[in-house]
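Please read the following briefing alongside the sequence and the coordinates.

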Amino acid sequence: MERSDIMRAVKGRDTAPERLVRSLLRAIAPGYRLYRRDLPGAPDIAYIGRKKAIFVHGCFWHGHDCRRGARMPKTNADYWRRKIARNRERDETTRAQYAVMNWSVLTIWECEMRDQSALAERLKTFLRG
């Protein structure tokens, strides 16, 4: 399978990390909405009344500073460096738009999925505040 075929197969929504976060949220605070296109960046999860948005980011795609996010493909490295930089810029712009709207934003990284109890605690804290 070619790299382009592999990358094309990567889903943009309803990923395993997103489904895990949603399953934790169902126990903590149901009533969220998914992929609201009327909000900046179409957050993965939004609590409209609470003015809270949650983004679930893949470490590689959004350039997280963990081991997985720091790994760069050997082929076409310039392309991927530029692409990830654009994604990070877009993420910053989106966060700034939410700040102007007086919304709280939580970014959950793919690498945080390993410790589900810590993730659940982080979600509870975010939703309480």
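Tyr79 is partly exposed, with a relative accessible area of 33%, where buried means under 20% relative accessible area, exposed over 50% and partly exposed in between, for a 1.4 Å probe and protein chains only. This is a predicted model, in which local features need pLDDT of at least 70 and side-chain atom pairs count only at pLDDT 80 or more, while totals for chains, interfaces and linings use all residues. Residues are numbered from 1 along each chain as its sequence is written, and side-chain values use heavy atoms, with hydrogens and water left out.

**Aromatic rings**

- The structure holds 7 aromatic pairs, a pair being rings of Phe, Tyr or Trp (its six-membered ring) whose centres lie within 6.5 Å, with planes under 30 degrees apart counted as stacked, over 60 as edge-to-face and the rest as tilted.
- Tyr98 and Trp103 form a tilted pair, with 5.8 Å from centre to centre and 55° between the planes; Tyr98 is buried at a relative accessible area of 0%, and Trp103 counts as buried at 12%.
- A cluster linked by ring pairs brings together Phe60, Trp61, Tyr79 and Trp80.

**Charges over rings**

- The charged end of Lys52 sits over the ring of Phe126, 4.7 Å from its centre, the criterion being that NZ of Lys or CZ of Arg is within 6 Å of the ring centre and within 35 degrees of the ring normal.
- Arg50 lies over the face of Tyr47, at 5.2 Å from the ring centre.

- In soluble globular proteins, nonpolar side chains tend to be buried together.
- Leaving aside neighbours within four places in sequence, Leu123 is in contact (heavy atoms within 4.5 Å) with Val21, Leu24, Leu25, Ile28, Ile54, Leu106 and Ile108.

**Salt bridges**

- The structure holds 7 salt bridges, each defined as a side-chain nitrogen of Lys or Arg within 4 Å of a carboxyl oxygen of Asp or Glu.
- Glu112 forms a salt bridge with Arg122, the closest N and O atoms being 2.6 Å apart.
- Because Glu112 lies in the loop between strand 4 (104-109) and helix 5 (116-128), and Arg122 in helix 5, the pair ties together parts that are 10 residues apart in sequence.
- Glu112 is partly exposed, with a relative accessible area of 25%, and Arg122 is also partly exposed, at 30%.
- Asp14 and Arg22 meet through their side chains in a salt bridge (3.1 Å, N to O); Asp14 counts as partly exposed at 32% relative accessibility, whereas Arg22 counts as buried at 10%.
- A network of salt bridges links Asp14, Glu18 and Arg22.
- The side chains of Asp38 and Arg36 meet in a salt bridge at 2.7 Å, N to O; Asp38 is exposed, with a relative accessible area of 55%, and Arg36 counts as partly exposed at 26%.

**Asparagines**

- Asn87 has its place in helix 4 (residues 77-101) and counts as buried at 6% relative accessibility.
- The side chain of Asn87 reaches the backbone oxygen of Trp61 at 2.7 Å, and Asn87 touches Trp61 and His62, not counting residues up to four places away in sequence.
- Most residues other than glycine have a negative phi.
- Asn76, in the loop between helix 3 (67-70) and helix 4, has a positive phi near 55° and is exposed, with a relative accessible area of 53%.
- Asn102, in the loop between helix 4 and strand 4, has a positive phi of about 70° although it is not a glycine, and is exposed at a relative accessible area of 62%.

Notes
Helix = DSSP H or I, 4+ residues; strand = E, 2+ residues; numbered from the N terminus. Polar contact = N/O pair within 3.5 Å; in protein donor to acceptor, adjacent residues only side chain to side chain.
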